[in-house]
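Have the model open beside you as you read.

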Amino acid sequence: MGSLFRSEEMALCQLFLQSEAAYACVSELGELGLVQFRDLNPDVNAFQRKFVNEVRRCDEMERKLRYLEKEIKKDGIPMLDTGESPEAPQPREMIDLEATFEKLENELREVNQNAEALKRNFLELTELKHILRKTQVFFDEQEGGVNQTTESMTRALITDEARTAGASMGPVQLGFVAGVILRERLPAFERMLWRACRGNVFLRQAMIETPLEDPTNGDQVHKSVFIIFFQGDQLKTRVKKICEGFRATLYPCPEAPADRREMAMGVMTRIEDLNTVLGQTQDHRHRVLVAAAKNLKNWFVKVRKIKAIYHTLNLFNLDVTQKCLIAECWVPLLDIETIQLALRRGTERSGSSVPPILNRMQTFENPPTYNRTNKFTKAFQALIDAYGVASYREMNPAPYTIITFPFLFAVMFGDLGHGAIMALFGLWMIRKEKGLAAQKTDNEIWNIFFGGRYIIFLMGVFSMYTGMIYNDIFSKSLNIFGSHWQMSYNKSTVMENKYLQLSPKEDYEGSPYPFGMDPIWQVAGSNKIIFHNAYKMKISIIFGVIHMVFGVVMSWHNHTYFRNRISLIYEFIPQLMFLLLLFFYMVLLMFIKWIKFAATNEKPYSEACAPSILITFIDMVLFNTPKAAPAECGVYMFWGQHFVQVLFVLLALGCIPIMLFAKPMLIMQARKLANEEVQPIAGASSDAETGGVSNGGPHGGGGPHEEEEEMSEIFIHQSIHTIEYVLGSVSHTASYLRLWALSLAHAQLAEVLWTMVLSIGLKQEGWFGGVILTCVFGFWAILTVGILVLMEGLSAFLHTLRLHWVEFQSKFYKGQGYAFQPFSFDAIIENGSAAVEE
């Protein structure tokens, strides 16, 4: 069977590479992405491996590139991304790359240091300019005649002893300091001054209206100018210490007005000169970053490829001559020739004359699981792998999930309008996938939506189909073929009476509706719910049983492929019989009931004589005799029904001990014969070695030789498996009723939104009604997309996922393998440097 239905056949190979050609050969294999290397030095420390120095050099280059990237993003410069992936550079090109990055980093750091020093100088001059301006206002007030305030301030700052001494020594001269402080620190600064100086200082402050740039980090900060008057050297020392503690910057401020004006003019001249120098520095920095931005993406790719190659070479072993590298790797069997061609290209590119050798090895290890995917099947395979990676060469559910997953989703989500919204959204992502894929984003929700664009599109298309079957579009129906029911009610009765019912005997024409449901059911009142309940409940059971039977049939392919005759005869056949004799028979009863019983038929096949399928099934399992039917009605649906049901139940019950005891007993017998050195029964010895489950296929590696499992454990495992299957068949069948429940809930929510929201706007008349309808429609559309499409869609998606993981895959899928993780440059570049470390 092809790789679409099973994982690829894998081979463990040994690779011999000449040391000079190893780098180029590994580079070619990385471009190919089809080889998974094994670590042949698991006990060797990462710092003691052969190519650790080269890896460190790559780490240093990556650090420099990240620094350049941060500076480029800080300036908002776009980085050129052609979407092309350059080849891995030769080892000798590493020196040129290191020199280029070293030069760029040093130049950029020097420019940044000069710019920071200039900005710090500019900040100091700007703060000094504001101090000179703000303090000048205070001194102008003093010189303008406001002496009374100054005199009272002086009296407040001079103690009694100072007044006595000053009476003989003349007027007392006040000192002052001026500076700037962060605005948020100003209240605490003022309180500390008052308490530490005991109110013997006078503080004047004014805000700087424009924010200033912090030269260290480029943030905008708000500051205030202050001037503090005091008397005496002791207070001066105390004030300066407080300013230092609050990180306030003090600046010299002359007392004479002429000196202040002269200083202000000098400051303005220096600020203008600094602006010119800063502009030239920023222009030079911008030119350096623009030149680097053109090549930054390619540089990242080259460095990460070099680093990945040396990480891979560290997994290899050296032979005794130190001239040959030896590797072990898993490769897909079909791609061995392609890999050999890539190795030849690498050897030719390196100039080596010794060809590489690729030998296939025999092994009992379980190979990795590799399922080839494309952009369409990748998302469906991811759904399966999220449950568990398939065991080697186990049947892959993904191809069947492409159809069953959107279909079961659509059974729950069936609405033509909602499905169209979902399909259009998926189609938009598919049409724009190249552009959207190029826009890298860290938004996980968007990445999930974009990764599942084909799933979303198919779910929408299938929902449109089931919506047409249900004849449901935004809780309304399409009247394409006209109704096949003839009603004698007038318009007012139909619109106002909530208890209208359709009589299939009197009002129905008798011919089936061409496609989907008759639109008359939309106004059928309470009869609509009864009809939809019966219809959706039965199709849920029908689809569920078919889905489970298909899962059991899939297990047959696993048993035959792995040549496990015991499991094929004593597990698969009893399981299939148990499911068919009980639950598939119940499905047949539904079809018999639909075909034989109708409202227009005469007794005993009229609608009144139709038996309940659920009651019939319960009576069948309990061996009960059906209760007496109404007059002229039959007890059974067909001749010989009681005998068939008793036979089916007895056969189904007989399958349980076969599933429970047959396989362990045969394994025990095979082991006994093997111990007695007697030829075991055909097909039993291989099963006995691994407890009845073979992991190897006819072409792949066999399962590992392990110690024989104890017979008690085999009996326990088989008992658990049998009980789980028997009880699970009942619970899983009931679990498919979620198809019915969610479908009804979705339809009822859509009807509630129409009735409670949109119909209000439709009932309004006139121009005002148009305004109301527009607003109501917008609100209805938001609720429809947010609740019915997104939330209900997510709910239906999760329920569909559960039906596949538990009800379907549990019949045949073990999911105990491990994924094939080839050495691939594409994966490493996509995942960044983290993928290289792994």
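A search through the whole of this predicted model turns up three cavities of 30 Å³ or more. Rolling a probe the size of a water molecule over the atoms shows where empty space is left.

| Cavity | Space | Nonpolar lining residues | Polar lining residues | Charged lining residues |
|---|---|---|---|---|
| Second largest cavity | about 60 Å³ | five | four | one |

Which residues lie nearest the centre of the largest cavity? They are Tyr470, Asp472, Gln522, Lys528 and His532, out of 18 residues that line this cavity. Helix 18 (526-561) and helix 24 (738-762) each give at least two residues to that lining.

Now move to the second largest cavity. Its lining includes Leu4, Arg372, Thr377, Phe380, Asn396 and Ile402. Two or more of the lining residues come from helix 11, and two or more from helix 12 (398-413).

Helix 11 (residues 377-387) has another partner to look at: it packs against helix 25 (residues 766-808). Two packed helices are described by the angle between their axes and the distance between the axes. For helix 11 and helix 25, the angle is about 65° and the axes are 11 Å apart. Their crossing is right-handed.

Which residues of the two helices meet? Helix 11 brings Leu383, Ala386 and Tyr387, while helix 25 brings Phe797, Leu801 and Trp805. By class, this contact has six nonpolar residues, with no polar and no charged ones.

Methods. Residues are numbered from 1 along each chain as its sequence is written. This is a predicted model: local features need pLDDT of at least 70, side-chain atom pairs count only at pLDDT 80 or more; totals for chains, interfaces and linings use all residues. Side-chain values use heavy atoms; hydrogens and water are left out. Axes are lines fitted to C-alpha atoms, for helices over the stretch in contact, and angles run from 0 to 180 degrees between N-to-C directions. Helices (H or I, at least four residues) and strands (E, at least two) are DSSP runs, numbered from the N terminus. A crossing is left-handed if the near helix is turned anticlockwise from the far one by less than a right angle, and right-handed if clockwise. Contact means heavy atoms within 4.5 Å. Ala, Val, Leu, Ile, Met, Phe, Trp, Tyr, Cys and Pro count as nonpolar, Asp, Glu, Lys and Arg as charged, and the others, Gly among them, as polar. On a 1 Å grid over the protein atoms alone, a cavity is a set of points where a 1.4 Å probe fits but cannot get out, and a pocket is an open set with protein on both sides within 12 Å along at least five of seven lines; lining residues have an atom within 4 Å of a point. Grid points are joined across faces, edges and corners, and a volume is the space filled by probe spheres set on the points.
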